[in-house]
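Biologist: Hi! I'm new to this one, could you walk me through it?
Modeller: Happy to, let's bring it up.

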Amino acid sequence: MTGSLPPEVREAFERFITCEYTTIDSRQQAIVWPVTPYYSSGAPTLHTTTGLGYPKKANDARRNPHVALLFSDPTGSGIDSGIQALVQGIAEVDDRDLKANRERYRRESAVKLRGARDVMPPRLLDRMFGWYVNRIYIDVRPERVFVWPDGDLTKPPQCHGARVEEVRSGHSEEPLEPHEPPAGGGTAWDQRIEELERRYRTAVLAWVAPDGFPLAVRVPVSLDQDGRRVMIEAEPAGLPLTEGLACLTAHGHSPDCSWRENFQIRGDLTRAGDAWALLPHKLVGGLELPSGGPLRRYRDTLRKSFRFRRRARRELRSR
């Protein structure tokens, strides 16, 4: 269906440096990760990748292929229209030939990411960084696409390729998926959550819709530190928020992606009077690339690599 989308939407798919990729885990928890999207105009699928040493993005999609890609951060793309687009689709995981995937990833990232050559491990270190350079590809075939041409989420989105009225009403003609209610329990507060007000005025909120697909939108946020909760400052028009498990992800990167950072908060999305709030239960830091020279990047990455290398070895044995 991508060939029938408006050209400005296809341009966003091609030129955005990052998008927010949402999977659903075994607990029906939506989980959002910033990833690099790859797309050629008119192609039937979009795709992204993950490293062999941190395969959860792929493993969750293999178990539940309902995924979403949100294009909401134009940094480095050269697009200034404010356009945002949400793709809901079916994922297929490709890890049949890790060597071919590694070479494909080097080619594609060199074209897409201007700073890739500076941050990619040299080929001589492929064995040491096999947990990163051996890639698992995730191909996403769009089922429907929501578009906000100017990024105004207070207006209902344009919808391409599906039954938008079902989404707006919270009703689906498809068999409904089990929806997990709020988990309850203690609140986990971390100093990094406070970056939401200091550094990130918006973040990506994701939850599971009644039809089993994840929904994700970029929303303004604030902190209620006394109540230990993150306030959602605006409700998106046309997409039904639902009380239950949700994920809020903040991330940033340089225009050439020579540095990037991210973290996510998993918790309960609940009504708070006339507003919505996320009660944090877990903070998860992503694989980040600090700013600075190559020595600092390799030093910081090596500190984390032992766990990823152990996981990569287990993945190779399982194959």
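**Strands, a helix and a core**

Biologist: Which residue of S7 does Val145 stand opposite?
Modeller: Val145 stands opposite His160 in S7. Keep in mind that this is a predicted model.

Biologist: How many bridges join S6 to S7, and how do they run?
Modeller: There are 3 bridges between S6 and strand S7, residues 158-160, and the two run antiparallel.

Biologist: What about S5 and S6, how many bridges there?
Modeller: S5 and S6 are joined by 11 bridges, again antiparallel. Within that pairing, Val93 stands opposite Ile138 in S6.

Biologist: And S3 with S6?
Modeller: They run antiparallel too, with 6 bridges. Here Thr48 is the residue opposite Ile138.

Biologist: How many residues of S6 are buried?
Modeller: S6 is mostly covered, with 12 of its 14 residues buried.

Biologist: Switching to the core: which residues have the most contacts inside the largest one?
Modeller: Those are Val9, Phe13, Tyr21, Leu69, Phe71, Trp131 and Val145, in a nonpolar core of 40 residues. S6 supplies the largest share of this core, 6 residues. Another core, of 38 residues, lies apart from it, and Ile24, Ala246, Ile265 and Trp276 are among its members.

Biologist: Which residues of H1 are buried?
Modeller: In helix H1, residues 7-15, the buried ones are Val9, Arg10, Ala12 and Phe13. Looking down the axis of H1, they fall within an arc of 155 degrees, so they line one face of the helix.

Biologist: What covers them?
Modeller: The cover includes strands S3 (46-51), S4 (66-71), S5 (84-94) and S6 (135-148), along with helix H3 (98-112).

Biologist: New topic: where does Asn134 lie?
Modeller: Asn134 is in the loop between helix H5 (130-133) and S6.

Biologist: Buried or exposed?
Modeller: Asn134 counts as buried because its relative accessibility is 14%, and the cut-off for buried is under 20%.

Biologist: What does its side chain make a polar contact with?
Modeller: The side chain of Asn134 makes a polar contact with that of Arg102, at 2.8 Å. Setting aside neighbours within four places in sequence, Asn134 is in contact with Thr50, Gly51, Leu52, Leu98 and Arg102.

Methods:
Residues are numbered from 1 along each chain as its sequence is written. This is a predicted model: local features need pLDDT of at least 70, side-chain atom pairs count only at pLDDT 80 or more; totals for chains, interfaces and linings use all residues. Side-chain values use heavy atoms; hydrogens and water are left out. Buried means under 20% relative accessible area, exposed over 50%, partly exposed in between (1.4 Å probe, protein chains only). Helices (H or I, at least four residues) and strands (E, at least two) are DSSP runs, numbered from the N terminus. The arc is that of the directions from the helix axis to the C-beta atoms. Contact means heavy atoms within 4.5 Å. A polar contact is a pair of N or O atoms within 3.5 Å; within protein, one must be able to donate a hydrogen and the other to accept it, and residues adjacent in sequence count only if both atoms are side-chain atoms. A nonpolar core is a set of buried Ala, Val, Leu, Ile, Met, Phe, Trp, Tyr and Cys residues joined through side-chain atoms within 4.5 Å. Two strands pair if DSSP finds at least two bridges between them.
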